[in-house]
Amino acid sequence: MTRHVLMCEPVHFRIAYEINPWMRRSNQVAGPRALEQWRGIQAALRALDVRVERIEHAPHVPDMTFTANAGIVLGRRFIPSNFRFAERRPEAPLFTDWFRAHGYEVETIHEPQDRKSTRLNSSHT
């Protein structure tokens, strides 16, 4: 079991755009309930002696609460995600800054040369 996790309290979580089949702007988040559930998960993890670290939720990135999408951590190395959708890309530097500030070595992988053509090509297969 993982003994160390990064969490982001969903204070700005909302459905501001639709980038997958589960996101519908007409189905908005119940903010108080989301916070209650998140705090319950955090408490359960801490009760299991999991070290929980937190990153501040920036208001302009509503999906930042999904920290598992931030990238890959291996030991003290962090490889940030190359988010497919433009709406999520502003999260990458926020996570990168957090990991650097906490002593992680940040390694990047190549970014797609042309994200637009990549999306277009994949939608025609």
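1. Contact here means heavy atoms within 4.5 Å, and buried means under 20% relative accessible area, exposed over 50%, partly exposed in between (1.4 Å probe, protein chains only). Helices (H or I, at least four residues) and strands (E, at least two) are DSSP runs, numbered from the N terminus.

2. Please keep in mind that this is a predicted model, where local features need pLDDT of at least 70, side-chain atom pairs count only at pLDDT 80 or more, and totals for chains, interfaces and linings use all residues. Residues are numbered from 1 along each chain as its sequence is written, and side-chain values use heavy atoms, with hydrogens and water left out.

3. Back to H1: Ala-34, Leu-35, Trp-38, Gln-42 and Leu-45 are its buried residues. They sit on the same side of H1, because their arc around the axis (taken from the directions from the helix axis to the C-beta atoms) is only 100°. Exposed Pro-32, Glu-36 and Ala-47 lie on the face turned away from that buried side. Just after H1, Asp-49 has a positive phi of about 65°.

4. Arg-14 is 49 residues away in sequence, yet the C-alpha atoms are 7.4 Å apart.

5. Finally, Trp-98: leaving aside neighbours within four places in sequence, its contacts are Leu-6, Glu-53, Arg-54, Ile-55 and Tyr-104.
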